[in-house]
Amino acid sequence: MIRHFAARVVAVLGVTALLLTAAGQVAVADMHVEPDEELPIVEQTDLVLLLDGSGSISATDWDLQLDGYAAALQDRVNVPLDNSVAVSVVQWSYVGSTTPSTRVEIPLTPIGSEQDVNDLIAQVRAISQIGSNTNPGDAIRTGTNQLLANGRPAADWTLCMSTDGARNSGESMSSATTYAKSVGVDRYSVVAVEDGSFTTPAAIAAYGPYVFGGGTVTVARTTTEFTSLISGCLTDPLRVEAIEVNQVLQDWDNSVPLVQGRPTLVRAFLETQADEAVRTNGRLHVYSDGVELSGSPLTSLNPSTGVLVDENAVEDRSTVNDSLNFALPISWTFEESLELAVELPGGVTCDADLTGVNAQCSETVGFVGGFAADLEYRAISFEENGELVEPTMGDLWEQHERFIASSPSAGWSADFTTLSVDERPTDLGALNEKLQAAKDLADAPKEQRWYGVIRGSSSGADYGGLSTRGVASGFDEFLEGEFDSGHARNRVVHELGHSYGLHHSVNAAENGWTKILWVFNEMKKGWCTEVADASADDYPHWTTKTNGDTVAALGPIGDPRSEVWGIDPRYLDSDDDLFLSAPQTNTSLMSYCRSDDQGGQARWIGKRDYLQLLTDDRAPIIGDLDAGAGETIRGVIAADGLSAELAPALSVDFAPTADDPTGTHAVVLRDDSGAELWRTRFTPISNHGDSGIGGDVAAAPSTFNVVVPQGLMSATLVEVVSANATLASGTVSSNSPQVMVSPPTGGTSDRVTFTWTSSDADSDALRHTVLYSTDDGATWNPIGIDLPGASMSVARWSLPGSSTARIRVIASDGLRSAVATSSTFTLPNLVPILNIDSPTNGFVATGAQSIPLTATATDAEDGPLDGTIMWNSDLDGQLGTGSDLVQRADLLSEGTHQITATATDTTGATATASVTITIQRVAAPEPPGSDYVFAGFEPPVAPGGSVNAGRTIPIKWTITGADVSGSTVLSGAFTASGATYDMVRSGGTWHVNAATPKSWAGTTKTFRVVLDDFSIYEFNVILR
């Protein structure tokens, strides 16, 4: 920084009388400064810390205040060991005119080594509190005189005051600050701590009129919060580039609507106004209708050491803790609108479009209603090689979490149970038909979506996932765990997205058209073998990966303000890759495109699809089944449309399906003579597939489920026909099966065994569909379908407790069926299921850091129990009630806490979950160095080489060592402006595609990499 300090020298000459006894007096006679001369010198800061030693500060808070100063001095970013920063400490308190009071505890000392730091810290911690009245004016004059005596003329002179009260003695504030400004002090700031009647408004009234030079009044609510903010005394005002308010995905213009009742994260992106990086922390003030909300300002979710800020906020989006992050309380999202203002202890600056009604540098956002998803998850259970294969309740819950995390839902209803089938599904069309039949048998709401989860790999199956308008299914590819990553991780969201009306990410203008067998006519093509029918709008966003492949992107690419980034709040403090989805590396959820980042979400919902789910009709399903009696004729039509396969018919309590004159197919009943007894026209339900572990998806089978009159009207033949052909037929046997079932008598605490007996006079092979009722047969829930044996074992967690439970078995010989229902029996109530999402076990919170307390709970009998979740600390007792709370670390006792969440159902049954966290008052200093080595730049562009201007240049380098992470590289760019960049990382290798302008032809440009230890690596490139 270039400084003008001639005026300060004049001031120094005018006050030499004050300096005659100063031990380190300024050698004024030796200075030579020409009038108005500008001297280029290295930026320096002389900082005097004005430490309130008045009696209102307790001994504990006094020590904590000193610890905060010590931690700030150990920050190698703000206090580098190069003598650029010099520090003095003045303790102030007024005892009386005859008793020593305000005093210089530590004279101004440049910091040039670790020993300097250690010596200063020892001196700070040895300061003894004066403990009397409050005289800030005296402190300002004493600090100013210390700068005049020992300050460096070329340095920024800064006074930083800590206090917990307004002036009640000593020199006036007006006189003292006028004096400080007149002799060349550059800035005066105050970090206050609330104390009784000394509230935030009182502190601002007492000190706000007197701060100057960009100084601010920052008011901490506790001394612990003060330790997080004191570092602001060492920083200039920082630029607020953007305030991003994100729930699922968002851009810097906050153009993606926000949904009421959802976890909401605010990311504040900051920039320095010079080349040097600084470290800072800050808070978020939140207003509604011009009134600051109770609980505001929010402290950041970042550790109390804060964030590193450099001159490029755009690059900070890819690293969680390179932005200041805040969690909005859920209750605030029901306000009509919120104004969010960033407060930094060193001050803020921003563009005019970020200036709000109540504060400078703010963003105003509103919230809308989302949709209440109604979901049913089925663990597909089967035997393979003598072993039971079945997802757990935890597996289903994880699938549900993934859907909720990436959809605009607000409130949800979900059920979790098993569905036993006869063998591992390889034909997902057939499985979806079973799910649809089960959904109909359950008389489930039409708008409810069912998803069948299949454990294991899709290898050998026709699809990885498949969806119809009401049901879907998919293989988990062994990615069932919370932290598992890969292309198929969000398959559940892809398939349920189809069921809510989302199309594949296709674009005919870019990729052309194709024909898919009989089911569709001309189909639009995507970038990665996807297809969709002509009604699908062209997907508007795509990008080119480093390997040259073009893929469907999350949103617009190129303009940093319009680029959308996805977040999953579950992973904020546990997994950066799963927390963030980047537009350059993650691909559109509704595509088959493979992401460069297989270590994270891989696919994430795109902006267009998110808006469709939020604002459109989500493909409503109409036409509830009417009560009555009938037989359901069901099955699957092959993808080529040339054949069909009938599934076992079932006796149902529904009236026959109404004839659809527009239907493309029909179910026909015929008698012995071939005469037609009954015809019902229908249109098959189409399926949409997701690619498997390596294959592509083209055409998919369709399904049908048509209810005909009970008893089949004495028909002897059932046909499924299309316009031109008979696709399937079945002969009706002479006799219906016989079946009997009793209440369960076997099983274990984890499983229940149901048995039945069945027979058929025609010796037909029988299949059995099993249903469970908790309300004496008023409603039924299918738990097994088309089973060949005489028994089944069911996971206890999937059977809600009841004292009036019944079991029902439908035995089918193919086209005739019979039903048997057991007497009532009792299964005990199940305890709730509870999962803590945040904080993670072992989490460490420091200073006044915000700690999200988030959990989800559900109960087999009662449904969601989020409102009952109670939080408790073994050190501090009850913390609050709800599924999403925010707790400040400074309001918890220091030490190790066991945090316990408890959910309670309507019978009083409880479930608990616990994590252990540690609370520290002052964060340990950031380590001065990192364990990594820059291993050099790599081909294809070598240092000193030449390339063609106007082209995209691939630049690679590798960093090795234990500390290599996504935040190791702060920036990688040419030192000249004009190029655009796409940077990706794989392990320890970074790859930048730099698109250069043609105007660079005939020049040599320098490419520079800056690491987080602020080391710099460069090489020159000749542009032809």
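Visitor: Is Asp-275 buried or exposed?
Guide: This is a predicted model, and Asp-275 lies in the loop between strand 10 (264-271) and strand 11 (278-280). A residue counts as exposed when its relative accessible area is over 50%. Asp-275 has a relative accessible area of 71%, so Asp-275 is exposed.

Visitor: Is Ala-949 buried or exposed?
Guide: The loop between strand 62 (946-947) and strand 63 (952-960) holds Ala-949. Buried means under 20% relative accessible area. Ala-949 has 14% relative accessibility and therefore counts as buried.

Visitor: How many residues apart in sequence are Ala-949 and Pro-997?
Guide: Ala-949 touches Pro-997, and its other contacts include Thr-996, Lys-998 and Trp-1000. From C-alpha to C-alpha, Ala-949 and Pro-997 are 6.2 Å apart in space. Their separation in sequence is 48 residues.

Visitor: What parts of the chain does the salt bridge between Glu-114 and Arg-76 tie together, and how many residues apart are they?
Guide: Glu-114 forms a salt bridge with Arg-76, with the closest N and O atoms 3.4 Å apart. Glu-114 lies in helix 3 (residues 114-125), while Arg-76 lies in the loop between helix 2 (59-73) and strand 2 (85-92), so the pair ties together parts whose separation in sequence is 38 residues.

Visitor: Which member of this pair counts as buried?
Guide: The cut-off for buried is under 20% relative accessible area. Glu-114 has a relative accessible area of 36% and is therefore partly exposed. At 17% relative accessibility, the residue that counts as buried is Arg-76.

Visitor: In which strands do Glu-719 and Arg-670 lie?
Guide: The side chains of Glu-719 and Arg-670 meet in a salt bridge, at 2.8 Å from N to O. The pair ties together parts 49 residues apart in sequence, because Glu-719 lies in strand 41 (residues 717-721) and Arg-670 in strand 37 (residues 665-670).

Visitor: What is the N to O distance in the salt bridge of Glu-1018 and Arg-1008?
Guide: Glu-1018 is partly exposed, with a relative accessible area of 41%. Arg-1008 is also partly exposed, with a relative accessible area of 33%. Their side chains meet in a salt bridge, N to O, at 2.6 Å.

Technical notes:
Residues numbered from 1 in each chain as written. Predicted model: local features only at pLDDT ≥ 70, side-chain atom pairs only at ≥ 80, totals over all residues. Heavy atoms only, no water. Helix = DSSP H or I, 4+ residues; strand = E, 2+ residues; numbered from the N terminus. Buried < 20%, exposed > 50% of the residue type's maximum accessible area, 1.4 Å probe, protein only. Contact = heavy atoms within 4.5 Å. Salt bridge = Lys/Arg side-chain N within 4 Å of Asp/Glu carboxyl O. Lists of a residue's contacts leave out its neighbours within four places in sequence.
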